[in-house]
Amino acid sequence: MSGSAMSAATTNPGGATAPPLNLPAPGARERRRLSPAFGLAAPGTLFVVLALMGPLALMFRYSLNRFVPGQMMVEALTLANYQKFFADSYYQEVLATTLWVSGLSTLLCLLAGFPVAYFLVRQASDKWKGRLLLLVILPLLMGNAVRTAAWMVILGDKGLFNAFVSTLGLSPVKLMYTPTAVVIGLVSVLLPFMIVTLQSIIEGIDANLEAAASSLGASHLTTLWRVVLPLALPGILAGTMLCFILSMNAYATPVLIGGPSFQMMAPAVYQQVAKAMNWPFGAALAFVLMAVTLVLTTTANVLVQRRYRRWSE
Amino acid sequence: MGILAINRIYAALSALVLAFVLLPLVAIVWVSFFANRILSFPATGYTFSWYVRAWEQEAFRNGFITSVETALVAVAISLVLGVPASLALVRYRFPGRDAIQTVLLSPMVVPGIVGGAALFMAFIELEVLLDVEIAGTLPGLLIAHGLIALPWTVRLVTASLVGMSPSYEEAARSLGAGVLTTFFRVTLPIIKPGIVAAALFSFVVSFIDLEKSIFLVGPGRTTLQIALVSYLEWNLDSTVAAVATVQILIIGALLIASDRYARLARAF
């Protein structure tokens, strides 16, 4: 019954978020005894099935129920919740905001992340590369609550940024509770993902290719555009997808630095499920969010790969 | 443009981006020492008193304790379930291996809010069916956090298993060691760095989780992240900054330790 929903959840909206594990290819040391492997893998698999897949299937079923105020949920088999989403201009706007904020944040991450990744691979010594990478990852794992608090300190009306601006004799800027602040906050969370992904692909590009291009007279920008970019495309794609998916799902940043009037999809899901107690509609919102993300990332993947094939021919 | 100039441009851009990524960290640590009663710039003086005040706040103290407990159990769950599963994925070929891999990694892929909402609904459904309380209780929270930690453990442990030749295990087996002996005396010591890294990293991802926990905390049982967010909804002062600084120190130490065992950048 929930075939499409389950695949939305398990096949990669994050081909990027969960890259395959790089397991050894079959054939090398084939072992045909089945029972131990199943015994080893079963508990963990069962746990995820029971604690994630099952609940997702249940939630999908709920999204087809009817919401009756006061009674919460009445069993039904209706698409009314999905229709409501696509008929209500408020939610269209929430989705549109989520999309443009995610798109812009991802683009900024790509532009800011590439030079850092390139620098780490081509110019930093091995020792420094390790240290700098750790420095890039550390802020990522500070937690959304702490990072968001920090941005509130910086971007607030009387925050660090405005204190700095006023020492320059300029008038303060309203940043807190604006979309700009949300994009700034998101870029700072997502940049580490982009940098780590890009540096691992640039690592695999032979530096001699760039040397050859420039010895044949190509400028640095031409070399980047004609040599590095095509070769780095899979990594650029992976990093872009990852950032886009994560920002589509962002919760803490929009809630705390976007303010009450700024709405994105993940906070809307929380609002409906936990506050309005409208489970059917909240569930529908969750599946719309995952479906839109999946469709966009798959399309981008296909388009870029087609382009890539043409390039590499 | 000369090579030197180009190099300098990259170095400068990288420094700028790095500063941007680190700015929030530096700012919040700095502010936690401000003597100003109401948070403002510049500082009128410096003090440690916000740290005392943070510890006196019951919400933060209890939240911290709950978070540590939850994270420790999440680490245990993820190791008990994740290490054998990683072993199965790396050392055996069996039908459905790809599917099992996808399932095990899926908690990373499903948005936290969506997974949290689904778990919350399932818990309530179970409560109605079985007439027990789950959603606001510790076991409910532990299930969610085990789920958060599991895929990271699988990632890091499979990575170190892939790097270990199966010949060691085969040698032990052919010399007559049983399956368990082989695992505990041969495999485990060799992949220990991967397991330590997985444990530390799992602790961190559980400790900082906000999205899944937000549905599952109950009255009197709140994690530190939820306590921080609900405090931030109404106030922003140096108390929060002090809590944040302590968290930054703890997580920083754990990550640096974890990175010594296995390169963290590989986990992403």
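## Nonpolar core

The largest nonpolar core holds 179 residues. Here a nonpolar core is a set of buried Ala, Val, Leu, Ile, Met, Phe, Trp, Tyr and Cys residues joined through C-beta atoms within 7 Å. A residue is buried if 20 or more other C-beta atoms lie within 10 Å of its own, exposed at 12 or fewer, and partly exposed in between, with C-beta atoms placed from the backbone. A:A149, A:V269, B:A117 and B:L228 have the most contacts inside this core. Helix 8 (residues 179-203) of chain A gives the largest share of the core, 16 residues.

B:A117 touches residues of both chains. Leaving aside neighbours within four places in sequence, B:A117 is in contact with A:M59, A:V269, A:V273, A:G282, A:A286 and B:F215. Contact means that the C-beta atoms of two residues, placed from the backbone, lie within 7 Å.

## Model and confidence

This is a predicted model, in which local features need pLDDT of at least 70, side-chain atom pairs count only at pLDDT 80 or more, and totals for chains, interfaces and linings use all residues. Residues are numbered from 1 along each chain as its sequence is written, with chains lettered from A and ligands numbered from 1 in the order in which they are written.

The pLDDT is the predictor's confidence in each residue, from 0 to 100. Chain A has a mean of 83, and 89% of its residues reach 70 or more. Confidence in chain A is lowest in helix 1 (residues 3-10), at a mean of 32, and highest in helix 4 (residues 89-122), at 93. Residues 1-17 of chain A have pLDDT below 50. Where pLDDT is low, the predicted coordinates should not be read in detail.

## Helix 9 of chain B

Helices are DSSP runs (H or I, at least four residues), numbered from the N terminus. Helix 9 (residues 224-232) of chain B is mostly covered, with eight of its nine residues buried. Among them are B:L224, B:I226, B:L228 and B:Y231. The buried residues pack against helix 6 (144-155) and helix 11 (252-258) of chain A, and against helix 3 (58-91) and helix 10 (238-261) of chain B.

## Interface between the chains

In chain B, 86 residues are in contact with 86 residues of chain A. Helix 1 of chain B gives the most to the side of chain B that touches chain A, with 17 residues. By class, this side has 67 nonpolar, 14 polar and five charged residues. Ala, Val, Leu, Ile, Met, Phe, Trp, Tyr, Cys and Pro count as nonpolar, Asp, Glu, Lys and Arg as charged, and the others, Gly among them, as polar.

Conventions
Helices (H or I, at least four residues) and strands (E, at least two) are DSSP runs, numbered from the N terminus.
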